[in-house]
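Student: Can we go through this one together? I'd like to start with the strands and then do the helices.

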Amino acid sequence: MSAQRINERRRTGCPTPPGFHSWDCACATSSRPKAPRAVYQDQSSRRRTGGCPEGFRLPAAAVAMAAPAPGLISVFSSSQELGASLAQLVAQQAACCLAGARARFTLGLSGGSLVSMLARELPTAAAPAGPASLARWTLGFCDERLVPFEHAESTYGLYRTHLLSRLPIPDSQVITVNPELPVEEAAEDYAKKLRQAFQGDSIPVFDLLILGVGPDGHTCSLFPDHPLLQEREKIVAPISDSPKPPPQRVTLTLPVLNAARTIIFVATGEGKAAVLKRILEDKEENPLPAALVQPRTGKLCWFLDEAAARLLTVPFEKHSTL
C-alpha cells in the first residue's frame, strides 16, 4: 500500500504508524487491535492473526504445556522501516494513554539492538508531543545486567547515552536497577521501585512492553529450561547463572510480562528466523520462554523484518511505505 493511500485511509484521533490502517489504544479500550490493511504472505488465505482470546488466562500449572498464540505478525521490508513504525506506534500509544483517565504512559524497554533502533527513531516521533507530555512518561527496563551504568553491557547506561540524552524524560520518571547492590537485593529494590511507581496495581501493568528475542528463544533474562520460568510470586527476580554473560542479572517475571496492556516483540536478521518459526508455529511440549509471553487481556504483536520472517508459513501482514 502506498504512503498516499495510507494517509487517505488514516482515521482522525491518535496518530497511526506508517503502514497501519488503525490501531486501538490499549489505554482507552479493551478491544483488540484492528488488523492493518496490508499485503498477506498467502493471498489465498484471508485469516488474520489476532491477539489472545478475550479472557485468556495462562494457568500456572499448565505453563509448561502452553501452546503459542502468535498474535499479530507484521513484517517490514527493512529494519529501518520497522524502527520508524515502531517509534510511531510508541508515540501513538503515549498520546492515547496521556489523553486517558490515568493521564500517564508506562513503557518497559529491553536492550540489545533495540537501543540503537529506538535512539534513531523515537526522539523524532515523540517530539511533536512536547516536554510536558514526556514528563508524564514512566520508563522501566524489562531486565538489566548487573554491571555499572558506564559498562558497555548496561541496558540503562546505553539508553542514557543514546536515547535519554535526546528524549527528555525526567530522571524521577526513569526506574532503574541499582547495580551496586548484590543481585538478590537489586531485584528486591527494583521490585519496590516498581510497586511505588504502579501504586494501586496489584501487579505492575505496563501500557507497553517492547521485548526482544534471542536465537535460543530467551526474552528479558528468562532463558530456556530455567527455574525462573516457573516463578509466580515475584514481580522481579534475580538470576546469578545466566547462560549469556554477564551471569548476574535482574529480570521482570512472566506474571508482569503477561499483565501488560500491549507487548511488541521485535526481531530482525536471518539469525532469528529459525527460532521465530519455533515460537510462532510449533506447539512444543516445553515452549521457549518467548512463547510463554501470552498477555492475559492485552495485545501481543510481532514486528519482524523480512530476513527474520523468511521461514514463516503462518499468515502475516507485510508493510511497506513504498
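Tutor: We will take a sheet, then a helix lying on it, then a pair of helices. Keep in mind that this is a predicted model.

Student: OK, what order do the strands of the open sheet come in?

Tutor: The order is E5-E8-E7. Three strands make up this sheet, and they pair in the antiparallel sense.

Student: Which ones are the edge strands?

Tutor: Strand E5 (143–145) and strand E7 (236–239). Each of them pairs on one side only. From one strand to the next, the twist averages 15 degrees.

Student: How many bridges do E7 and E8 pair over?

Tutor: Four. Strand E8 covers residues 249–252, and its pairing with E7 is antiparallel.

Student: And what stands opposite alanine 237?

Tutor: Threonine 251, in E8.

Student: Which helix lies across E7 and E8?

Tutor: Helix H6, residues 183–197. H6 runs at about 165 degrees to E7.

Student: New topic. At what angle do H3 and H5 cross?

Tutor: Roughly 20 degrees. Helix H3 is residues 113–126, helix H5 is residues 155–162, and their axes come within 10 Å.

Student: Why are they called roughly parallel?

Tutor: Angles under 35 degrees count as roughly parallel. H3 and H5 cross at roughly 20 degrees, so they are roughly parallel to each other. The crossing is right-handed.

Student: Which residues make the contact?

Tutor: H3 brings Leu114, Val115, Leu118 and Ala119. H5 brings Leu158, Tyr159 and His162.

Student: What classes are those?

Tutor: Six are nonpolar and one is polar. No charged residues take part in this contact.

Key
Residues numbered from 1 in each chain as written. Predicted model: local features only at pLDDT ≥ 70, side-chain atom pairs only at ≥ 80, totals over all residues. Heavy atoms only, no water. Pairing = 2+ DSSP bridges. Helix = DSSP H or I, 4+ residues; strand = E, 2+ residues; numbered from the N terminus. Axes fitted to C-alpha atoms, helices over the stretch in contact; angles between N-to-C directions. Contact = heavy atoms within 4.5 Å. Parallel < 35°, antiparallel > 145°, perpendicular 65-115°, else oblique. Left-handed = near helix turned anticlockwise from the far one by under 90°. Nonpolar A, V, L, I, M, F, W, Y, C, P; charged D, E, K, R; others polar.
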